[in-house]
Amino acid sequence: MSKNEWWKDAVIYQVYPKSFLDTNGDGIGDIKGIEQKIPYLKELGIDALWLSPVYLSPQIDNGYDIADYRQIDPMFGTNQDMFDLIETAHENKIRIIMDFVANHTSDQCLWFKESCKGGDNFFSDFYIWQDAKADGSAPNNWGSSFGGSAWEWNDSRQQYYLHYYAKEQPDLNWENPHVRQYIYDMMRFWKSKGVDGWRMDVVTSISKDWNFPDNTRPLTTSNQQNGPRMHEFIHEMNQEVLAPLDMMAVGESPAAKSYDAWELVSPKREELDMIFTFEHMHVDRKKGDVNGRWAHQPADIVQLKEILSSWQTELFGNGWNALYFENHDRARVISRWGNDQEYRYESATAFATILHGLQGTPFIFQGEEIGMTNASDFTLDDYKDIELHGNYQQYVEKAQTISAQDFLKAAGKVSRDHARTPMQWDDTINAGFTTGTPWLKTNSRYPEINVAADLSSDRSIFTYYQKLIQLRHEEKWLKEASYQLLLPKDPAIFAYLRKFENQNYLVLANLSDQAVDLPKEIQDYQVLKTFIHNYPKEISTKLAPYESYIVKVQ
Ligand code: NOJ
């Protein structure tokens, strides 16, 4: 059963529905808002939309806590709105990918409510229940990603249940075949409504080690990935649903390394089509630090090149890459690794050039195409993310391993909320996102940075993305060519050569805000054709800050 591999020629755009466009003035984006912007997305040229969760949810983790997989949350609209969106998208040749959150549900899901009743009802074993230790404490020392223990006591069952995320997000028990069938049926339901594929939330966490061994360090999450039956479960899902229904699947895989990624994405394994690695997103994190993602440091560009290159070479001919710098869990790349002030246009286009020149499917996160930035003035109260507040309690208040000041400084760089601020459409109140009060504060730079302003600028980031997407559609070599990293140790220049049918292509970016000389090794190439260049000048032996281009060379 081989699939139609449409994603290999595609660029996918992620919409965070809560923050995209609000059409009814309640301060929350909605499905009608997404439908209204289909012409905008068509203009950009993307091939598919991935929607973060829109299902019924108490929104403890912004929809990654699902109460009913077949019901659209009224806050986003109705099921009919969703069906209409799918139809309009399809009429415009845009595919729809939904978010598959099946490692856990909400504690408001009927399955969990029934499971809490204990005994031996049908749902008793839908979740992961364990007895307390003799002293009444949790079964082991596993931590939740959002801070504190991964176990929560339940009075009515007189047992603990496991939650890798918030206590309101109990983990499903994939060992139970009925759980798996319920999930597969949900997937069939959405396929019958026209959905084309899935982004699979922490799919590499679905299998647990039922010996429940302690982690080396208490309250950490090192147990969460690649459990003993992970491949078996994913393969089964592939055979039962993904392959027969021809649905694309891109899995979130926090622990995958380039050398073992093939086990999930090699076509002969019949598991997933692509995975999102986290490896390259950790190049600005102090390794092994107890404060996890809040142990922030400036990005190591040499390491970034090394990691992205290892994924290019390891998966060449043996799998397919999902390419991204931003999503709803990542801050804005130009604020993190680039320069979101005087070189905002240049650094946004430089990172875009590097990403879109690689082999794989590029993912654009809403607002990335106009160079949206982190919100630079957020106080602790302005942040709404449960992860940030849970981690603040754990690291700043309880363990006191980081000061409030350093935590907030790191949050200013890496908090997930920077991606979630309302989409900036124009310079009217709330950036044209809502006429009401937005659920999360609008970025204060919206009068300067917004879609309308970008489109009327002669240095439009949107236009640059449009051109990159067009290149992905027209230039076969972008899909097929081999990859070779140049200047591996250069701390500023990211340059690589791609070869296809005896032709050479050079993708290059100066990822620094200093002008640098083009090293001799690159000067030796003669430029035959320029596909894209982010400075209105000739390519020369000097690179301006964040200058980048894609050229054919010999
Ligand atoms: C990964 C999702 O991308 C993130 O937003 C969410 O908080 C966790 N998984 C839990 O579902």
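**Ligand site and aromatic pairs**

Tutor: A polar side-chain atom of arginine 199 lies 3.0 Å from an oxygen atom of the ligand. Keep in mind that this is a predicted model.

Student: How far is the polar side-chain atom of aspartate 201 from a ligand oxygen?

Tutor: For aspartate 201 the distance is 2.7 Å. Histidine 104 also places a polar side-chain atom 2.9 Å from an oxygen atom of the ligand.

Student: And how much of the ligand does the protein bury?

Tutor: The protein buries 98% of the 290 Å² that the ligand exposes when taken alone.

Student: Which pocket is the ligand in?

Tutor: The ligand sits in the largest pocket.

Student: What classes of residue make up the shell around the ligand?

Tutor: The shell has 7 charged, 3 nonpolar and 2 polar residues. Among the residues surrounding the ligand are Asp61, Tyr64, Phe146, Glu252, His328 and Arg416.

Student: New topic. How many aromatic pairs does the structure hold?

Tutor: The structure holds 47 aromatic pairs. In one of them, phenylalanine 20 and tryptophan 425 have ring centres 5.1 Å apart and planes at 75°, so the pair is edge-to-face.

Student: Where do phenylalanine 20 and tryptophan 425 sit in the chain?

Tutor: Phenylalanine 20 is in the loop between strand E1 (12-15) and helix H1 (31-36). Tryptophan 425 is in the loop between helix H13 (417-420) and helix H14 (451-455). The pair links distant parts of the chain, 405 residues apart.

Technical notes:
Residues numbered from 1 in each chain as written. Predicted model: local features only at pLDDT ≥ 70, side-chain atom pairs only at ≥ 80, totals over all residues. Heavy atoms only, no water. Near = heavy atom within 4 Å. Polar contact = N/O pair within 3.5 Å; in protein donor to acceptor, adjacent residues only side chain to side chain. Areas by Shrake-Rupley, 256 points an atom, 1.4 Å probe, with all protein chains shown as cover. 1 Å grid on protein atoms, 1.4 Å probe; cavity = no way out; pocket = protein on both sides within 12 Å on 5 of 7 lines; lining within 4 Å. Sits in = over half its atoms within 2 Å of the grid points. Nonpolar A, V, L, I, M, F, W, Y, C, P; charged D, E, K, R; others polar. Phe/Tyr/Trp six-rings, centres within 6.5 Å; stacked < 30°, edge-to-face > 60°. Helix = DSSP H or I, 4+ residues; strand = E, 2+ residues; numbered from the N terminus.
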